Amino acid sequence: MQRSRWSHRLLSGGQEPDPRFTLANERTFLAWIRTSLALLAGGVAVEAFAAEIFSLEIRKTLSITLLLLAMFISASACIRWLNIERAMRHKRPLPFPLLIPALSVGGTLVTLVLISLVAL
């Protein structure tokens, strides 16, 4: 069975990997998307329900930070899925997961702000 021109162009040749690896890559992509949706929901929840807890500026900053993290993770998950799929097709090492340190730093910053606000 032939791949479409679009998928052939995106995957840029190589050999078909074992379907189990492709499906595992897809499951990882979906896990990142779930994480992105959770951060999106958190950003909306902070803005909608934290009016009595935080001032407007802090609430907007936290909400926007969570929403930007969600957007970054969603976009990065797609790029990461594609890069891993290409690496598997060409039997190259898997790319460095830039998404993981970025999410860790972003989550840490949001948590530090929340801890400092609750402590004060």
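User: What do I need to know about the model before we start?
Analyst: It's predicted, so local features need pLDDT of at least 70 and side-chain atom pairs count only at pLDDT 80 or more, while totals for chains, interfaces and linings use all residues. Residues are numbered from 1 along each chain as its sequence is written, and side-chain values use heavy atoms, with hydrogens and water left out.

User: OK, core first. Which residues touch the most other members of the largest nonpolar core?
Analyst: W32, L39, V46, L62, L66, I73 and V110, out of 13 residues in that core. A nonpolar core here is a set of buried Ala, Val, Leu, Ile, Met, Phe, Trp, Tyr and Cys residues joined through side-chain atoms within 4.5 Å. Buried means under 20% relative accessible area, exposed over 50%, and partly exposed in between (1.4 Å probe, protein chains only).

User: Which helix gives the most to this core?
Analyst: α3, with six residues. α2, α3 and α4 (99–119) each supply at least two. Helices are DSSP runs of H or I, at least four residues, numbered from the N terminus.

User: And what does L62 touch?
Analyst: Leaving out residues up to four places away in sequence, L62 touches V46, F54, V110, V113, L114 and L117. Contact means heavy atoms within 4.5 Å.

User: What about R89, which side chain does it make a polar contact with?
Analyst: The side chain of E16, at 3.0 Å. A polar contact is a pair of N or O atoms within 3.5 Å; within protein, one must be able to donate a hydrogen and the other to accept it, and residues adjacent in sequence count only if both atoms are side-chain atoms. R89 lies in helix α3 and is buried, with a relative accessible area of 6%.

User: Now F29. Which residues does it contact?
Analyst: A77, C78 and W81, leaving aside neighbours within four places in sequence. F29 is in helix α2 and counts as partly exposed because its relative accessibility is 23%.

User: How far apart are the C-alpha atoms of F29 and L82?
Analyst: They're separated by 9.6 Å, with the two residues 53 apart along the chain.
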